[in-house]
Amino acid sequence: MHPLDIDQLRTLVAIAESGSFTRAAEAVHKTQSAVSMQMKRLEERIGREIFLKAGRGVRLTEDGERLLDYARRIVRLQTECLATFDEGDLAGRVRLGLPDDYADRYLPEILGRFARAHPRAEVTVVCEPSDMLAERIADGDIDLAIVTEAKARDKAESGRARGDRRRGVETIRTEALLWVTSSRHAVHTEEPVPLALGRPACNWRVAAIEALERGGRQSRILFVSWNSTAVGAAVLAGLAVSVLPESALRSGMRVLGPQDGFAALPACRIGLMRHRAGEPNPLADILAGQIRQSLDNLALDASGLAAE
């Protein structure tokens, strides 16, 4: 069997992430006709159609979606492999964004490993909500972002612009989203239930309120903050109930479930976004690989608190 051409796979990924052959051609520094020829040869190689016409544009077939998944992994592994053997004297700057609740949990290991391997590299960290980070990625203000993936209906309801900015999110971790309260208080028994949550557009806030409404429980927003430390303080003080991903649980918190009148919440999907335009950034490639490895290795002990 003839091996797949990684250059063709890289072009396929560029088409999927940019949304068109024209923009993909700019990203991979080829002419549009060269990109079309690459995709024709790739279709011939696998013996399946990859694209279907959709109006003036194209969309991936089911086989194309399957191939895209493999293409992303193959391209990523090649990039990480080459960067590993060429990283001895790397210097420069890489810009990373993530919400502050992820920063508390993930940054120590990620930055520690990266700094030890690349002492001459500078890392700029930006802590903002996922939607703002998606905008920064699209505008080229940051190179990488760890974000909470939006639900499909959220994208549809918020319009084409937000959907475009969230294109290209790679899921790197999935974990439970949990109701939490103070282990020393019984604020969760109050009616209406006092809540400490993020801003109105926060996916977790929307999921929490919808779950309570389905269960017939009244609620009131008592604390609102983008800062997870502030929300956690309200919970630990016994003032409100909140929702957190499993890895963000802290000592002194109690997990609530259906037996307490709190229905199960949708899973929390954590994704990685990359800014693809411009010159290649080997430091960003290496940091992205370390982020994937760090989050993949994160374990949870039997008590539900994060552990290594």
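Analyst: Helices (H or I, at least four residues) and strands (E, at least two) are DSSP runs, numbered from the N terminus. Keep in mind that we're reading a predicted model.

User: Okay, how many helices and strands does the protein chain have?

Analyst: The tally is 11 helices and 14 strands. Take H10, for instance: this helix covers residues 228-236, and Ser228 sits in it.

User: Is Ser228 buried or exposed?

Analyst: The cut-off for buried is under 20% relative accessible area. Ser228 has 15%, so it counts as buried. Setting aside neighbours within four places in sequence, Ser228 is in contact with Asp100, Asp101 and Asp104.

User: And what share of the residues in the protein chain is buried?

Analyst: Of the 308 residues, 45% are buried.

User: Where should I look for a nonpolar core?

Analyst: The general idea first: nonpolar side chains in soluble globular proteins tend to be buried together. Here, the largest nonpolar core has 39 residues, and the members touching the most others are Leu144, Ile146, Trp179 and Ile291. Elements supplying at least two residues each include strand E3 (92-98), helix H5 (100-117), strand E5 (144-148) and helix H11 (282-297). H11 gives the most, with 7 residues.

User: Which residues does Ile291 touch, not counting those up to four places away in sequence?

Analyst: Ile291 touches Leu96, Ile110, Leu144, Ile146, Ile172 and Leu272. Another core lies apart from the largest one; it has 19 residues, including Ile50 and Leu67.

User: What about His118, where is its place?

Analyst: His118 is in the loop between H5 and strand E4 (121-127). With a relative accessible area of 2%, His118 is buried. Its C-alpha is 9.7 Å from that of Gly92, a residue 26 places away in sequence.

User: How do I describe two helices that cross?

Analyst: Look at the angle between their axes, then at the residues in between. The axes of H1 (residues 6-18) and H3 (residues 32-46) come within 10 Å and cross at roughly 115°. These two helices are therefore roughly perpendicular to each other. Their crossing is left-handed. Among the contact residues are Leu9, Leu12 and Ile15 of H1 and Val35, Met39 and Leu42 of H3. By class, this contact has 6 nonpolar, 3 polar and 2 charged residues.

User: Which residue has a positive phi although it is not a glycine?

Analyst: That's His29, with phi at about 60°. His29 is in the loop between helix H2 (21-27) and H3. The cut-off for exposed is over 50%, so His29, at 65% relative accessibility, counts as exposed.

User: And which peptide bond is cis?

Analyst: The one from Glu191 to Pro192, with omega near -5°. Pro192 is in the loop between E7 and E8.

Definitions and conventions. Residues numbered from 1 in each chain as written. Predicted model: local features only at pLDDT ≥ 70, side-chain atom pairs only at ≥ 80, totals over all residues. Heavy atoms only, no water. Core = buried A, V, L, I, M, F, W, Y, C linked by side-chain atoms within 4.5 Å. Buried < 20%, exposed > 50% of the residue type's maximum accessible area, 1.4 Å probe, protein only. Contact = heavy atoms within 4.5 Å. Axes fitted to C-alpha atoms, helices over the stretch in contact; angles between N-to-C directions. Parallel < 35°, antiparallel > 145°, perpendicular 65-115°, else oblique. Left-handed = near helix turned anticlockwise from the far one by under 90°. Nonpolar A, V, L, I, M, F, W, Y, C, P; charged D, E, K, R; others polar.
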